[in-house]
Amino acid sequence: MLEQKMEDCFAIEELQQLLKQSPDQLIIIDVRTSEEFAEEHIPGAINFPLGELDSRSIKLSKQAMIITVCGKGGGRSAQAAERLQQIGFTNAAFLCGGTFGWYDAYK
């Protein structure tokens with residue numbers, strides 16, 4: 001199962017490029033708590049805490065490209081991407097390195 005999750009990991013550089021080319025084609029979902037989100041988040045990200053993902057994702061297009069993020073990437077964000085895939089979001093992946101990796105790369 002970990003191998004499958006790693007296949008769904010989206011590189012920070014790829015996300016940066018996609019944001020430049022097609023920002024309207026992409027939804028970034030930060031699955032941390034609202035307090036964690038308020039401290040620092042990727043510009044343009046929306047906050048759906050992990051426990052609210054199912055109920056809040058019903059408003060999103062199943063065809064959307066969705067990148068889930070958390071602090072370090074691979075924990076909550078991997079769970080969220082996997083859950084979104086289970087409920088029909090075929091273009092869901094999590095961000096390698098998470099929010100912290102994003103800010104390390106782009107500060």
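Predicted model: local features only at pLDDT ≥ 70, side-chain atom pairs only at ≥ 80, totals over all residues.

Now the overall picture. The protein chain has 6 helices and 5 strands. Along the sequence, they follow the pattern α-β-α-β-α-β-α-β-α-β-α. The radius of gyration is 12 Å, close to the 13 Å that the globule rule gives for 107 residues, so the chain is as compact as a globular protein of that length. The C-alpha trace spans about 35 × 30 × 30 Å along its principal axes. Buried residues make up 42% of the 107. Of the contacts with a separation of 6 or more, 68% are between residues 24 or more positions apart.

On to the helix pair. How do α2 and α6 cross? Helix α2 covers residues 12-21, and helix α6 covers 98-106. Their axes come within 10 Å and cross at roughly 75°. That makes α2 roughly perpendicular to α6. On the α2 side, the contact uses Ile12, Glu13, Leu15, Gln16 and Leu19. On the α6 side, Gly98, Gly101, Trp102, Ala105 and Tyr106 take part. By class, that is 6 nonpolar, 3 polar and 1 charged residues.

Last, stay with α6. Which of its residues are buried? Gly98, Thr99, Gly101, Trp102 and Tyr103. These buried residues pack against α2, and also against strands β2 (26-30), β4 (65-69) and β5 (92-95).

That's my tour. Over to you.

Terms used:
Residues numbered from 1 in each chain as written. Heavy atoms only, no water. Axes fitted to C-alpha atoms, helices over the stretch in contact; angles between N-to-C directions. Helix = DSSP H or I, 4+ residues; strand = E, 2+ residues; numbered from the N terminus. Parallel < 35°, antiparallel > 145°, perpendicular 65-115°, else oblique. Contact = heavy atoms within 4.5 Å. Nonpolar A, V, L, I, M, F, W, Y, C, P; charged D, E, K, R; others polar. Buried < 20%, exposed > 50% of the residue type's maximum accessible area, 1.4 Å probe, protein only. Rg over C-alpha atoms; globule rule 2.2 N^0.38 Å.
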